[in-house]
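Colleague: I have some questions about this two-chain model. Can we go through them one at a time?

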Amino acid sequence: MKNAGATVEEKIDSASNGWQGPTGRRTDEWSECLTQIAATGDRAAFTRFFRHFAPLIKAFALSGSSLSAAHADELVQEVMLKAWQKASAFNPEKAAASTWVYTIARNCRTDMFRRLQKFDTPLAADDFMPDQEPSEPFAMLQSRRSRDTIHELMGTLPPDQAQILAKVYMEGKSHAEAAAELDLPLGTVKSRVRLAIQKLQIQIDR
Amino acid sequence: MAKFHPSVDLLTEYVAGILPLAQSACISAHLNYCPQCQQQSARLQDLGAVLFESLTPVPVGDALLNTVLARLDEEPPLSYRRAQDPAVGRLPALLQRLMKGDFSELSWNKITSSLSISYLKTGDTAYEFALYHIKAGGRIPEHTHRGSEMTLVLQGGFSDAAGSYHEGDFLFREASDTHAPTALQSEDCICLAVLDAPLRFTGWKYRWMNPFLQLRAG
C-alpha cells in the first residue's frame, strides 16, 4: 500500500464531479479520504479530513451559543477521534462523508448536552439509531438523489424558511423555542418547517 | 407494517436531536417497525448534512489538530453488535436495554383488573416512560391528559373511538384529548406510553384514583 496516497489523489482528480459508475459508489473527495483512512490508517489523509471538517464541527458546536468555546473544542476532538476509530464502518455506497460526519457530530453534541445537564441515563445517542438501516439499492439510490436535490433546492428557499431550518437543525432549538426566540406563533414556525420540507422534496408518502 | 406514524414535525425534531430523551426513545422504537419512517428520517438527516456543510467554518488551531493526532493510537472503546434477545422477540434493542429482561421479569403495578403498568428508567426527569399491559378485551377507563402522550404498540393491539392500532403503530395525543382504549379480543396488548403529566380518569368509578396517579418520571 506504499503509493496509496498518490493513487487517491489521482482518483479525486478524475472524479471531482461526485458520482461514478452504475453502482453509485461515492467518489467525492471526502468519501475517498475517509475510505483511505480506514484502509491504511493514513495520518496525512486524516489531517486533510480534520482541516476540512473540524471548522464545520466547531461552527456546529457554537451555533445557538449553547456551548462554551472550551466545550466546542472538546466536541471537535471527540467527533474527529470517533471518525478515526469508526472510519472502517463508513460505507460510501450508503452515505456521503459529510452526512456521516454530521451524524457523529449530532450524536456527540446530544450526549454532551445530556452530560452537562447531568442526565443519569443508561442510553447514549448512538443507541437511538435504528437496529437495521435500509440496505436495498433502491433506498440508497433514493437517498443519494434526495441529498443532491436538497443541495440544489436549498438556494430557492425563502430566507424565513431557511432561518427556521438553521435554528432547528444547527442551533438545536425545538419548534417552540424557535417560536419564542423569533416572537412568532408556534403554528407559523411549524408551517414554515413544513413548507420548507415540501419545497426541498423531502416528504415521502407514509 | 405500521399504519400510524409520527408527523413530519416530530420526525424533524427527532432527527435534529432536540426531542426530550424519553420521546426520542419512543420514536426510535417506532422506526424499528417502520421502513417508511426510517426512510423519511434518512431524508431529514440529509437535510441536516446539507445545512451542516453550509455553516460558516470557525477556525480551529493546529494545537487541537496535534492533540487529536496524539490521541489516534488510543485504544478505541469496545464496540459490539447489538444482539436481539430471542426471549423478547423483535423488540427494538433500545427497549431491551431499558427493560433488562423480558416482560415477565418486569415489576408490574396493577391499576385496574385489566390494566398493569411497569415504569422504566430512562433518566429523563420530565417524562414518564412506561409499559402498559392491557388484558385481551380489557379497557383502560376513560381518561384525559394534562400533557402530551406518545403511544407505541409493542404487542397485540387496541382500539378507541378514532381507530384500531397494531404492532408498530404510533400515536401522539396532545393535552385534553379524552379516550378509552380497549385491547383487541384476540390477545393481551402491551404498549409503550410516554407522558409528561399523569393520566386523569374521567369516569365516576375511577376518579377517586386520580390523586394516586403521580407522574413517575426518571
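Colleague: Is A:Asp183 buried or exposed?
Modeller: This is a predicted model. A:Asp183 sits in the loop between helix H8 (175-182) and helix H9 (186-199) of chain A. Within 10 Å there are 6 other C-beta atoms, and the cut-off is 12 or fewer, so A:Asp183 is exposed.

Colleague: What is the phi of A:Asp183?
Modeller: Most residues other than glycine have a negative phi. A:Asp183 is a residue other than glycine, yet its phi is positive. The value is near 55°.

Colleague: Where is A:Lys118, and what is its phi?
Modeller: A:Lys118 lies in the loop between helix H5 (97-116) and helix H6 (137-153) of chain A. It counts as exposed because it has 7 C-beta neighbours inside 10 Å. A:Lys118 is not a glycine, but its phi is positive, at about 55°.

Colleague: Is A:Val189 buried or exposed?
Modeller: A:Val189 is in helix H9 of chain A. The cut-off for burial is 20 or more other C-beta atoms within 10 Å, and A:Val189 has 25, so it is buried.

Colleague: Which residues make the contact of H4(A) with H4(B)?
Modeller: H4(A) passes H4(B) in a right-handed crossing. By class, their contact has five nonpolar, two polar and two charged residues. H4(A) gives A:Asp73, A:Val76, A:Gln77, A:Met80 and A:Leu81, and H4(B) gives B:Leu64, B:Thr67, B:Val68 and B:Arg71.

Colleague: How do the axes of H3(A) and H4(B) cross?
Modeller: Helix H3 (residues 43-62) of chain A and helix H4 (residues 62-71) of chain B have axes that come within 11 Å. They cross at roughly 135°. That makes H3(A) oblique to H4(B), and the crossing is right-handed.

Colleague: How do the residues of the contact of H3(A) with H4(B) divide by class?
Modeller: From H3(A) come A:Arg43, A:Thr47, A:Phe50 and A:Ala54. They meet B:Leu64, B:Leu65, B:Val68 and B:Leu69 in H4(B). The division is six nonpolar, one polar and one charged.

Colleague: Which element gives the most to the side of chain B that touches chain A?
Modeller: The contact takes 54 residues from chain B and 60 residues from chain A. Elements of chain B that give two or more residues include helix H2 (21-31), helix H3 (35-53) and helix H5 (93-99). By class, this side of chain B has 30 nonpolar, 16 polar and eight charged residues. With 18 residues, the element that gives the most is H3(B).

Colleague: What share of the residues in chain B are buried?
Modeller: Chain B has five helices and eleven strands. Its C-alpha trace spans about 70 × 35 × 35 Å along the principal axes. Of its 218 residues, the buried share is 41%.

Colleague: Which element of chain A has the lowest mean pLDDT?
Modeller: Chain A has a mean pLDDT of 84, and 81% of its residues reach 70 or more. Over residues 1-25 of chain A, though, the pLDDT is below 50. Where pLDDT is low, the predicted coordinates should not be read in detail. Among the elements of chain A, H3(A) has the highest mean, 97, and the lowest, 41, belongs to helix H1 (residues 4-14).

Key:
Residues are numbered from 1 along each chain as its sequence is written. Chains are lettered from A and ligands numbered from 1 in the order in which they are written. This is a predicted model: local features need pLDDT of at least 70, side-chain atom pairs count only at pLDDT 80 or more; totals for chains, interfaces and linings use all residues. Axes are lines fitted to C-alpha atoms, for helices over the stretch in contact, and angles run from 0 to 180 degrees between N-to-C directions. Helices (H or I, at least four residues) and strands (E, at least two) are DSSP runs, numbered from the N terminus. Angles under 35 degrees count as roughly parallel, over 145 as roughly antiparallel, 65 to 115 as roughly perpendicular and the rest as oblique. A crossing is left-handed if the near helix is turned anticlockwise from the far one by less than a right angle, and right-handed if clockwise. Two residues are in contact if their C-beta atoms, placed from the backbone, lie within 7 Å. Ala, Val, Leu, Ile, Met, Phe, Trp, Tyr, Cys and Pro count as nonpolar, Asp, Glu, Lys and Arg as charged, and the others, Gly among them, as polar. pLDDT is the predictor's confidence in each residue, from 0 to 100.
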